[in-house]
Amino acid sequence: MERVLLDYGSGGKASHRLIGELFLKYLGNAYLNRLDDAALLDIHGPISVSTDTFTVDPIFFPGGDIGALAVHGTVNDVAMLGARPRFLTCGFIIEEGLPMADLERIVASMGQAARDAGVMVVTGDTKVVPKGMVDKIFINTTGIGEVFVPKPPSGHRAAPGDAILVNGFIGDHGLAILAQREGLTFDAPVCSDCASLNHLIARLLEAIPEVHVLRDPTRGGLATTLNEIAGQSQVECRIFEDRIPVRPEVSGGCSFLGLDPLYLANEGKFLCILPEQYAQQALEIMRSDPLGHHAACIGIVGQDHPGKVVLQTPLGGTRLMDMLEGEQLPRIC
Amino acid sequence: MSLLDSFKDPHLCQAVLERIHAELHGELRFMEVCGTHTVSIFRSGVRSLLPENVVHLSGPGCPVCVTHDSEVALFLELAGKNAIIATFGDLMRVPGPEKRTLKTAQAEGARVRIVYSPFEAIKLAQDNPNDKVVFLGVGFETTAPAIAATLKTAREEGVHNFSVLSFHKLVPPALHALAADPELQVQAFLLPGHVSAIIGVEPYRFLAQQHGIPAVVAGFEPLDILQALHLFVTMRNKGQAEVINAYTRVVADAGNTKAMAMLNEVFMPADALWRGIGLIPGSGLVLRPEYAAHDAMQVFDLTLRDVPQIKGCQCGDVLKGKISPDQCVLFGKACTPAAPVGPCMVSTEGSCAAYFKYRV
């Protein structure tokens, strides 16, 4: 089996072969193919920039892989500011000995994800480190997009009276990764929701530029993201538990493992907070898109408990939905 | 509506709540002794809907919370002994002396693996034949039988590098200690569904017979809990105190005799230390002498040592229902989930953590 050797990160002929035969093959475009020290870009107006480093175990999981994730994750972050993502940079740190076929699968998947999202990888870097120095492969991507709304959405703009929408089922990605990592099998397999949201976001903002907040609830899940927004805007987010879309297999898996889907990562979801009068229109736009069929209005913004997220339970009781302290750990009993 | 969904049905719950409201005279102070009940009562919103004269107290029902400082000190000692530690996840953050935890030990290089089942720990031992693998046996009667079965398997299959550090705790002796406490402010016990599925109902009879305290074995859905509360009200109004099994869809009165036989084959009762409470006679489980080769206390020649008490921490009073979490001077200030001082703030099922996390 062919494996990635330290030579491939040397900058010498092996590195060049890797670039030519692998990276350009799957990611090539007019910017990247020039292979200069930097990419010369043509960008207009205010830009949205975001960077993220992706480490995930396992690197291949139901519904995606680290390569697709590295594209979707950054594309989504850039889009949340009301921007059209255009360019990505990409840095790989690869563990010596990674099967070449795995690397090829990952890069091919990045190429497909980038084409789907309509972005180009314009510059990149590869390092190969001795075995054990990283776990298989780490990928950093930075994204740049052109902001196309006059007043970009921001976590600081949630206002009392706003509606809180989400574009579908939450918790899928977190549970899919955990199940795969731990070798757990469920009756109904759970797939990651990993997807680029920029096209749906663009349609939404073109129709409703009045959107106040867009944010993707990745690490820490829905609960953490809502707490961030409540804190930044100094408002209360009041969420109705029975309106949160959760697949039965995800809630089942979570209850078995002692986890809470509200804190599981998502990679193809976004929260949209906007004045209540636009909520129905926004839901219709979301539901007309494959990435938003199960969109729902899950709550409202209020001012009773600034900085807090209050959950109204199906019984009509209320409780806090706090941020997690650290990672979610399965319980004893 | 599925059977399980009906136990969450808002209309049924509301109807039971109204009956409690109408029929309860005076104050009802009830205590649950199960972390799953603690979390369910808060998470479902039941707590926010209870009439003002129903007072909810969380007892020593979270296995992590009752794990004693001296025991955590031994976990950390083991972590430094070049053994692979296998543990359920929620022990990772429990602070021992000098606020060290298994998480900090792991960051310093200790090999700590989170497992979902004790059988995974046997696999770990088989995959690492040159290392000693220790499973941290913490929990109540619910988890002890599975760990007993693991030990039996290890012994039968000759997995010599596998051992268990058993700090299991038993619920009935703790209830004995609580009920005998003259300062106890509890009028009724909500008994743990999971533990009861193993031990049955008999071990609780003394609560009603000796102490006149009514008790109900209940499930974990909102309706289960509210029905149990209504049973307390009904018993009080009739002037009765009984131990009732209201979780018959899971709990047989005789318990799970096979699981109990497995537990008794491998473990025997011993005195145990409970965090915040102290020594309770006969409230722990240690390995029987036949299992000495798999007893981490003996394999690693460990001894429980006194460690200094945590200053200012009133977890003991919280676990006994003498004060509510927010009456502790440290609560929410020096003691938060980010920097827990006492055991009740550490675990996700701890009463202080639940109070901090869920109360609006």
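This is a predicted model: local features need pLDDT of at least 70, side-chain atom pairs count only at pLDDT 80 or more; totals for chains, interfaces and linings use all residues.
1. Before looking at any pair of helices, note that their axes are lines fitted to C-alpha atoms over the stretch in contact, and that the angle between them runs from 0 to 180 degrees between N-to-C directions.

2. In chain A, the helices α2(A) and α3(A) pack with their axes 7 Å apart and at an angle of about 30 degrees. Because angles under 35 degrees count as roughly parallel, α2(A) is described as roughly parallel to α3(A). The crossing of these two helices is right-handed.

3. Which residues make the contact between α2(A) and α3(A)? From α2(A) come A:Ile66, A:Gly67, A:Ala68, A:Ala70, A:Val71, A:His72 and A:Val75, while α3(A) brings A:Ile106, A:Val107, A:Ser109, A:Met110, A:Ala113, A:Ala114 and A:Ala117. Sorted by class, this contact has 11 nonpolar and 3 polar residues, with no charged residues.

4. Where they touch, 23 residues of domain 1 of chain A are in contact with 23 residues of domain 2 of chain A.

5. Which elements of chain A give two or more residues to the side of domain 1 that touches domain 2? They are α2 (66-79), β4 (83-95) and α3 (100-117) of chain A, and α2(A) gives the most, with 9 residues. By class, this side of domain 1 of chain A has 13 nonpolar, 6 polar and 4 charged residues.

6. Between the chains, the contact takes 18 residues from chain A and 32 residues from chain B. On the side of chain B that touches chain A, the elements giving two or more residues are α2 (10-23), α3 (35-43), α4 (46-49) and α17 (351-358) of chain B, and the largest share, 3 residues, comes from α4(B). The residues of this side of chain B divide into 17 nonpolar, 9 polar and 6 charged.

7. Within chain B, strand β1 (residues 28-32) runs parallel to strand β2 (residues 54-58), and 5 bridges join them; B:Arg29 has B:Val55 of β2(B) as its bridge partner. Strand β1(B) is also joined by 3 bridges to strand β8 (residues 188-192) of chain B, again in parallel, and here B:Met31 stands opposite B:Phe189 of β8(B).

Notes
Residues are numbered from 1 along each chain as its sequence is written. Chains are lettered from A and ligands numbered from 1 in the order in which they are written. Two residues are in contact if their C-beta atoms, placed from the backbone, lie within 7 Å. Helices (H or I, at least four residues) and strands (E, at least two) are DSSP runs, numbered from the N terminus. Ala, Val, Leu, Ile, Met, Phe, Trp, Tyr, Cys and Pro count as nonpolar, Asp, Glu, Lys and Arg as charged, and the others, Gly among them, as polar. Two strands pair if DSSP finds at least two bridges between them. Angles under 35 degrees count as roughly parallel, over 145 as roughly antiparallel, 65 to 115 as roughly perpendicular and the rest as oblique. A crossing is left-handed if the near helix is turned anticlockwise from the far one by less than a right angle, and right-handed if clockwise.
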